[in-house]
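Here is a short report on how one protein model is put together. Look at the sequence and the structure first, then read on.

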Amino acid sequence: MRRRQVTIITGEPGPSAGGVRIEPFTFGLVGALGVLVALLIGTIVGQLSTVLVYIGIALFLALGLDPIVRLIERKLPRAAAVAIVVVVVVLAFAGILLAIVPIVVQQIAHLVETGPKMIDDLLRSDWYRQLAAQYGDSFSQAVDGIAKFFKDPANITKIGGGVLAVGAGIAGGFTGFTIVLILTLYFMASLRTMKRTAARFVPAYRRPRFTELVEDVSGAVGRYVIGQASLALINGVLSLIFLTIIGAPLPALLALIAFIGSLIPLVGTLTGSVINSLICLFVSPLTALIAFAYYLVYMQIEAYVISPRIMSRAVAVPGALVVIAAVGGGALGGILGALVAIPVAASAIIIIQKVLFPAQDAKLVPPDQARTA
């Protein structure tokens, strides 16, 4: 069989008579078209980024709720199990909103009313006078500037406009929540079909192994989501009780911060604790110190007692990898990226343990000796 000769010329024509010539202009045009297609794909992905985020969140939630669906499925059909789980999740979310939102609105209104008095009390406090005497006029001028800003009605109006913008953002978030809820419902109902369809892309002789690997990864993600949500709920409830007892400002809002922070392993709990302790400074340094001491004790109990019991069935991820994954995920995708980073790391560990390590362990002799044998 005769081979065709391909000659790429850059200047003068090549000597080949039957070869295929690619002119520089044609080569550059094809390369430019490839770049334009890549830019077009990138633009499309950028425009669809919000939709892709919704799909990722819905798939993540579907995998997280699938263990509960399987548990209920032992006694009921899958459709009924999915409906029960969705209804319970929606009612729980609505209950949290109804319980927290009125309290937060009331406390914010109270804060607006008593804000000037709190600033005056802060300026008259002994510890403020000590700081002012220690750091001089610059500290006093900075605090006075902040106080004048919040006492100016024009600035309050600007803050009100920001609150309206936040309200618009909340409305958009509610729309996104509805879309995610619908996608989660569909994903939970068709999760098995999605897994079987994914297996069809793999050769038949590898499908059993692939299916087993997919089940292990989805099970690990589900157990992780349930365990982390349980830890966050415990931290949020205990924070609400304790902060209410010590008289912290906006205890419901601080409890919500603690709940959201605990969804991010290691880093999130510490960050939420520091934020809540600093906010307690508006009451008094003693309140902030008590709050910090409470969170310090709680983090030890969570790390050595609560977390091992709840996360015992999930995939064990090394602590250094948890920190790296959380920080890297947060840098790439914000809070959502930090939440998803740990299950992704757990899935990578499963794949490495069940695919890469066995393949490497099976290589007992060098490749050249294996070919010779």
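## A starting point

In which helix does L213 lie? L213 lies in helix α8. Helices (H or I, at least four residues) and strands (E, at least two) are DSSP runs, numbered from the N terminus.

This is a predicted model, in which local features need pLDDT of at least 70, side-chain atom pairs count only at pLDDT 80 or more, and totals for chains, interfaces and linings use all residues. Residues are numbered from 1 along each chain as its sequence is written, and side-chain values use heavy atoms, with hydrogens and water left out.

## The whole protein

The secondary structure comes to 13 helices and 2 strands. Of the 373 residues, 27% count as buried. Buried means under 20% relative accessible area, exposed means over 50%, and partly exposed lies in between (1.4 Å probe, protein chains only).

Contact means heavy atoms within 4.5 Å. Take the contacts between residues at least 6 apart in sequence: 62% of them join residues at least 24 apart.

L213 counts as buried, at 16% relative accessibility. Leaving aside neighbours within four places in sequence, L213 is in contact with I350, I351, K354 and V355.

D216 is also found in helix α8. At 23% relative accessibility, D216 counts as partly exposed. With neighbours within four places set aside, D216 is in contact with I350 and K354.

## α8 meets α7

Helix α7 covers residues 191–200, and helix α8 covers residues 207–246. Their axes come within 10 Å and cross at roughly 140 degrees. Axes are lines fitted to C-alpha atoms, for helices over the stretch in contact, and angles run from 0 to 180 degrees between N-to-C directions. α7 and α8 are therefore oblique to each other. Angles under 35 degrees count as roughly parallel, over 145 as roughly antiparallel, 65 to 115 as roughly perpendicular and the rest as oblique.

From α7, K195, A198, A199 and R200 take part in the contact. They meet R207, F210, T211, V214, E215 and S218 in α8. By class, this contact has 4 nonpolar, 2 polar and 4 charged residues. Ala, Val, Leu, Ile, Met, Phe, Trp, Tyr, Cys and Pro count as nonpolar, Asp, Glu, Lys and Arg as charged, and the others, Gly among them, as polar.

## α8 meets α2

Helix α2 spans residues 49–73. The axes of α2 and α8 come within 7 Å and cross at roughly 90 degrees. The two helices are therefore roughly perpendicular to each other.

On the α2 side, the contact uses F60, L63, G64, P67, I68 and R70. On the α8 side are E215, S218, V221, G222, R223, V225 and I226. The contact of α2 with α8 has 7 nonpolar, 3 polar and 3 charged residues.

## α8 meets α11

How do α8 and α11 pack? Their angle is about 155 degrees, and their axes are 11 Å apart. That makes α8 roughly antiparallel to α11.

Residues of α8 in this contact include G227, L231, L238 and F242. Among those they meet in α11 are T287, Y294, Y295 and Y298. The residues of the contact divide into 13 nonpolar, 6 polar and 1 charged.

## Aromatic rings

How many aromatic pairs does a search of the whole structure find? It finds 3. The rings of Y294 and Y298 have their centres 6.3 Å apart and their planes at 25 degrees, so the pair is stacked. Rings of Phe, Tyr and Trp (its six-membered ring) pair if their centres lie within 6.5 Å; planes under 30 degrees apart count as stacked, over 60 as edge-to-face and the rest as tilted.

Y294 and Y298 are 4 residues apart in helix α11 (residues 285–310), so about one helical turn separates them. Both are buried. F242, Y294, Y295 and Y298 form one aromatic cluster.

## A serine beside Y295

S273 is found in helix α10 (residues 267–279). S273 is buried, with a relative accessible area of 3%. Not counting residues up to four places away in sequence, S273 touches Y295 and M299.
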